[in-house]
Every structure is written in structure tokens, then in C-alpha cells.
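Me: Please take a close look at one part of this structure, a pocket. What lines it, and what lies around it?

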Amino acid sequence: MQDIQDVIESRYERLAAGDVAGMQACYAPKVVQFSLAPPLGALMDGRDPGPLNAWLATFEAPPKRTVTQLEITTSGDVAFATSIDSMTATPKGGDSPFTLWYRMTVGLSRVDGQWLIVHEHASVPFYMDGSFRAAVDLEP
């Protein structure tokens, strides 16, 4: 399971370094993605640097992400992992960073002996008090 943990954690290390190609090496060519940003879901080309470069351009520097509470389950050539992650970044033109905690589920498949991400789901809980506000003030 260490090789799966390495894939999950190395994509964030590569992101913080601004290494788009290195981050993309963690993904299969086709990835089902449910990200924090719209749309609700999409089948993405895991090797297309365009969306990631466009997202990175919205920050002063590449975001720093952290994986906590990582749990990995495997069966044969399929695995999934759940974690509580954080992202700290400064928006372009901003002068102070924000930190956001969110839930992450990653599905992986072993392809030619290498674990690759084939499914990624990030979510932020929301307050069910009628306001439907995203609960971005939560921390583990």
C-alpha cells in the first residue's frame, strides 16, 4: 500500500513545486473527476495540462496541499483511498492566503504495474440549516 500512498501524496508535492507534468503522471489518461469547482462532474483527459495550468494561474504561487487521515483499501488491481485534505493558497492579486479543508476520495487502478488515479472526488460539507452555505470554516 506504500506505492498507493506515494501516488496520492506525490501529486501534492509536485503541485506545490509547480510540476504540472509530474502531477499528471499520477493520473490515467481518462479520469472521472468531481472537483470543488463546477461542473458537477466530468470525464477529464488526465494528461491535458490546460485545465491544471489555467487553475494554477489563479494563484500567486502553486497551492500547498496536505493529506491527513489517509485510509487505503485495495483488491487486486483496484484501490480507493479516503482522506481529509487541506489546501493553502493566495489568490492572484491577493495579499493573504486562505486554508480550506475538504474531503477527498481517490480511485486508482494498477496499469502495467503502476498505480494511476482514475477517479477523484473532492467535496466540502454544507450547513443544513437552510442557508446552504459551504462549511469552509471546518477543521479536523
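**The pocket and its surroundings**

Reply: With four residues, β1 gives the most to the lining of the largest pocket. This is a predicted model, where local features need pLDDT of at least 70, side-chain atom pairs count only at pLDDT 80 or more, and totals for chains, interfaces and linings use all residues. Residues are numbered from 1 along each chain as its sequence is written, and side-chain values use heavy atoms, with hydrogens and water left out.

The space in this largest pocket comes to about 670 Å³. A pocket is an open set of points on a 1 Å grid over the protein atoms alone where a 1.4 Å probe fits, with protein on both sides within 12 Å along at least five of seven lines, and a lining residue has an atom within 4 Å of a point. The volume is the space filled by probe spheres set on the points, which are joined across faces, edges and corners.

There are 26 lining residues, and those nearest the centre of the largest pocket are Gln 33, Ser 35, Met 44, Leu 52 and Glu 120. Two or more residues of the lining come from each of α2 (20–24), β1 (27–34), β2 (42–45), α3 (50–56), β5 (98–111) and β6 (114–123). Helices (H or I, at least four residues) and strands (E, at least two) are DSSP runs, numbered from the N terminus. Sorted by class, the lining of the largest pocket holds 17 nonpolar, five polar and four charged residues. Here Ala, Val, Leu, Ile, Met, Phe, Trp, Tyr, Cys and Pro are nonpolar, Asp, Glu, Lys and Arg charged, and the others, Gly among them, polar.

Take Leu 52, one of the residues nearest the pocket centre. Leu 52 sits in helix α3, and it counts as buried because its relative accessibility is 16%; buried means under 20% relative accessible area, exposed over 50% and partly exposed in between (1.4 Å probe, protein chains only). Leaving aside residues up to four places away in sequence, Leu 52 touches Leu 15, Val 20 and Met 23, where contact means heavy atoms within 4.5 Å. Between Leu 52 and Glu 120 there are 68 residues along the chain, and their C-alpha atoms are separated by 14 Å.

Six strands form an open sheet with mixed pairing, in the order β2-β1-β6-β5-β4-β3. Its edge strands, β2 and β3, each pair on one side only. Two strands pair if DSSP finds at least two bridges between them. β5 and β6 run antiparallel and are joined by nine bridges, and Thr 105 stands opposite His 121 in β6. Helix α1 (residues 2–16) packs on the sheet and touches β1, β3, β4 (78–89), β5 and β6.

The loops between these strands have details of their own. In the loop between β1 and β2 lies Pro 39, and a cis peptide bond with omega of about 5° joins Pro 38 to Pro 39. In the loop between β5 and β6 lies Asp 112, a residue other than glycine whose phi is positive, near 50°. Asp 112 is exposed, with a relative accessible area of 81%.

Notes
Axes are lines fitted to C-alpha atoms, for helices over the stretch in contact, and angles run from 0 to 180 degrees between N-to-C directions.
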